[in-house]
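Dear colleague,

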Amino acid sequence: MAYDLEEQEKIDALKAWWERYGTLGMTAVLVVVAVFAGWRGWQWYESHQAGQAMGYYEALETATSQQGDDAVTRIKAASTALRSDYASSGYAARGVLVAAWALQERKDLDGAREQLEWLVRDGSEPALQAVARLRLAGVLLAQKQYEPALAQLQGTAPEGFAALYADRRGDVLAAQGHADQAVQAWRDALKALGADPAAQIIQLKIDALNGA
């Protein structure tokens with residue numbers, strides 16, 4: 001009988017504990033389960049999004065190897081999908097640079113400009129944004145939009161881009177007929193390049209402009 005009383009006391013204690021903490025304990029368990037399920041769901045979503053973005057990026061790359069108006073349409077469509085639906089993926093910014101290059105090669109300067117302007121505004125990947133600004137300045141130069149081109153190159157150049165920005169600034173200034181300013185910009189580029197072999201090309205620009 002003593003044993004039965006001991007067991008009954010344990011049962012009563014368990015009931016009392018459950019009445020006091022049972023609901024809280026179940027809630028905690030449900031929260032943990034919900035968080036885990038949400039985490040797994042987010043992992044699936046992220047993986048799915050990355051897979052979709054990669055598909056559009058690969059379609060974009062394939063289109064760049066093709067010719068004709070259909071290729072241009074596919075390039076723009078793939079880039080638009082990446083920008084609108086997968087902007088936060090690593091594929092969007094890189095896809096824009098690929099699309100801009102392909103469009104520029106096809107003499108669609110307005111199309112290339114639109115791609116690069118988006119990446120300049122986006123700003124989620126500073127290194128690629130720096131590339132976009134440099135290339136946008138080149139597109140604007142080709143369109144003889146000199147002041148907007150220079151605007152892309154103003155201020156302190158991003159790290160690693162000082163020579164490239166100065167060189168492009170010299171190109172724009174030379175096209176404007178500002179020979180002295182162009183030479184100074186190219187000299188800034190030479191200073192930034194140091195012993196880099198690319199300095200020889202810039203020196204040729206200076207010599208050509210000076211009539212050497």
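Helix 3 and helix 4 are roughly antiparallel to each other, a term that applies to angles over 145 degrees. Their packing angle is about 160°, and their axes lie 8 Å apart; axes are lines fitted to C-alpha atoms over the stretch in contact, with angles from 0 to 180 degrees between N-to-C directions. Helices are DSSP runs (H or I, at least four residues) numbered from the N terminus. Contact (heavy atoms within 4.5 Å) is made by residues including A92, V96 and L103 of helix 3 and L109, L116 and W118 of helix 4.

This is a predicted model, in which local features need pLDDT of at least 70 and side-chain atom pairs count only at pLDDT 80 or more, while totals for chains, interfaces and linings use all residues. Residues are numbered from 1 along each chain as its sequence is written, and side-chain values use heavy atoms, leaving out hydrogens and water.

The largest nonpolar core comprises 48 residues, and L60, I75, L82, L116 and L119 have the most contacts inside it. Such a core is a set of buried Ala, Val, Leu, Ile, Met, Phe, Trp, Tyr and Cys residues joined through side-chain atoms within 4.5 Å. Helix 3 (residues 90–105) gives the most to this core, namely nine residues.

In helix 9 (residues 199–209), A199, I202 and I206 are buried, that is, under 20% relative accessible area with a 1.4 Å probe, protein chains only. The buried residues of helix 9 pack against helix 7 and helix 8.

Note on methods
Buried means under 20% relative accessible area, exposed over 50%, partly exposed in between (1.4 Å probe, protein chains only). Helices (H or I, at least four residues) and strands (E, at least two) are DSSP runs, numbered from the N terminus. Angles under 35 degrees count as roughly parallel, over 145 as roughly antiparallel, 65 to 115 as roughly perpendicular and the rest as oblique.
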